[in-house]
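User: Here is a model that I would like to go through term by term. Please set each value against its definition.

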Amino acid sequence: MGAYAAQLVGPKSMREEGTYMLYGCTPTDNPDVNILLEVYRSEADYELHVGSKEFAQYEAARRPILRDLHFVYTEPIVMMSKDPGLVGTAVRLTYVEPEEDQVDAYRQMVKEEYTRAVNYDDGVLVMVANNELGNPGRIHSYLLFRDKSAEKAYYSSEAYEAFANKAKTMLKVNHHIDGAPTRTTISSKPGYTIQER
């Protein structure tokens, strides 16, 4: 699926002004699953993307191997990225639910931590957090690191440990999925498309 997407949809997507991010992850413990993060400027831009002949070719190519397909529609909390062209090989996806009275405080904390990490931690390349549409307390994140050693350095840093210790008292659900090593190149979209919201 990933190869089909890269070959058939990737080149056209890079030229679509309103297609901001298309990043994928295959869980290390479930190689038959592919999880995608797709960010578009608007619903109209999404319709342009899926209405293209290239996307139709991708749909046709994946049909014989696609067993199931689920969508989770989201709203952005924060989208931070280092410079276009940098390559990462370690991906982590997270899902958290803060306690009801901690949702706003946790969201603000995530904005601050993701902004700090991308700006100041050398091996942290992309950090994106979104909440499910209409539900600010169901939060999904996509995290891309230069490699596993950079990921390990981030999670053992003093700044992350301070964040995690504070978050621990705020969360009622906290899960993560580690992705199989895959070369992921940061989007070449203009920087204004990957800024804190």
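Analyst: The turns below cover confidence, the sheet and a pocket.

The model is predicted, with local features needing pLDDT of at least 70 and side-chain atom pairs counting only at pLDDT 80 or more, while totals for chains, interfaces and linings use all residues. Residues are numbered from 1 along each chain as its sequence is written, and side-chain values use heavy atoms, with hydrogens and water left out.

User: What is the mean pLDDT of the protein, and which residues stay under 50?

Analyst: pLDDT is the predictor's confidence in each residue, from 0 to 100. The mean is 91, and 95% of the residues reach 70 or more. Residues 190-197 stay under 50, although the model has 20 contacts for them beyond four places in sequence; contact means heavy atoms within 4.5 Å.

User: Why are β6 and β7 called paired strands?

Analyst: Strands are DSSP runs of E of at least two residues, and helices are runs of H or I of at least four, numbered from the N terminus. Two strands pair if DSSP finds at least two bridges between them. β6 (residues 124-132) and β7 have 8 bridges, so they pair, and they run antiparallel. One of the bridges joins Met 127 to Leu 143 in β7. The hairpin of β6 and β7 has 2 residues between the strands, and Gly 134 takes a positive phi near 80° there.

User: What makes β5 a partner of β7, and β3 a partner of β6?

Analyst: 7 bridges join β5 (residues 90-98) to β7 (residues 135-145), including that of Ala 90 with Phe 145. 7 bridges also join β3 to β6, where Glu 75 has Asn 131 as its partner. Both pairs are antiparallel.

User: Which strands are the edges of the sheet?

Analyst: The open sheet has 5 strands in the order β3-β6-β7-β5-β8, with antiparallel pairing. β3 (74-81) and β8 (171-178) are the edge strands, as each pairs on one side only.

User: What makes the second largest pocket a pocket, and how much space lies in it?

Analyst: On a 1 Å grid over the protein atoms alone, a pocket is an open set of points with protein on both sides within 12 Å along at least five of seven lines, whereas in a cavity a 1.4 Å probe fits but cannot get out. About 320 Å³ of space lies in this pocket, the volume being that filled by probe spheres set on the points, which are joined across faces, edges and corners. Lining residues have an atom within 4 Å of a point; there are 19, and among the closest to the centre are Thr 94 and Tyr 160. The largest share, 5 residues, comes from α6.
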